[in-house]
Amino acid sequence: VERLRAHPGDLGLITSNGGYTTKHAAGFYSTEPREGGFVAADMQDEIDQIAPRPVAEDHVGPVTIEGYTVMHDREGPTVALAALLTTEGARTWGSSTDPALMSELMTVEGVGRTASLDADGTFTLSA
């Protein structure tokens, strides 16, 4: 709200997870009222029509980062967890405890970047 009030004409997006990250919500905000008033929509039927990606559990080799997070404890970053896409478009998962990789993912956007996944599930960023 403070950012939108400071920047008339801008738009805002807020997303959230509920349950055990099994429910997703999104809110779109504007500094101008929506023509026609407020709209709420349940999109679950449309979402259920989307075919899930295949999963490549034992993939080794090149991947693209689809999404990621860097987990922390009281001392700082502990592990980077990533959803990865193979060149065939299948989804797989990777992790890394490399401090330099975690630092980079916390300062430079990683989504869309290429990486490599090894047999033990560790991913490294491509140059």
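Biologist: Does Met-106 count as buried, partly exposed or exposed, and why?

Modeller: Keep in mind that this is a predicted model. Met-106 has 41% relative accessibility, so Met-106 counts as partly exposed.

Biologist: Where does Met-106 sit, and which residues is Met-106 in contact with, leaving aside its neighbours within four places in sequence?

Modeller: Look for helix α3, residues 99–107, which holds Met-106. With those neighbours left aside, Met-106 is in contact with Val-70, His-72 and Pro-77.

Biologist: Now the pockets. What is the volume of the largest pocket, and how many residues line it?

Modeller: The largest pocket has a volume of about 660 Å³, and 21 residues line it. Nearest its centre are Ala-26, Gly-27, Phe-28, Val-39 and Ala-40. Two elements, β2 (23–30) and α2 (44–48), each give two or more residues to this lining. β2 gives the most, with 8 residues.

Biologist: How do the lining residues of the largest pocket divide into nonpolar, polar and charged?

Modeller: That lining has 11 nonpolar, 6 polar and 4 charged residues.

Biologist: And what about the second largest pocket: what is its volume, and which element gives the largest share of its lining?

Modeller: Its volume is about 220 Å³, and β1 gives the largest share of the lining, 4 residues. Among the lining residues are Val-1, Arg-3 and Tyr-29. By class, the lining has 6 nonpolar, 2 polar and 3 charged residues.

Definitions and conventions. Residues numbered from 1 in each chain as written. Predicted model: local features only at pLDDT ≥ 70, side-chain atom pairs only at ≥ 80, totals over all residues. Heavy atoms only, no water. Buried < 20%, exposed > 50% of the residue type's maximum accessible area, 1.4 Å probe, protein only. Contact = heavy atoms within 4.5 Å. 1 Å grid on protein atoms, 1.4 Å probe; cavity = no way out; pocket = protein on both sides within 12 Å on 5 of 7 lines; lining within 4 Å. Points joined across faces, edges and corners; volume = space filled by probe spheres on them. Nonpolar A, V, L, I, M, F, W, Y, C, P; charged D, E, K, R; others polar.
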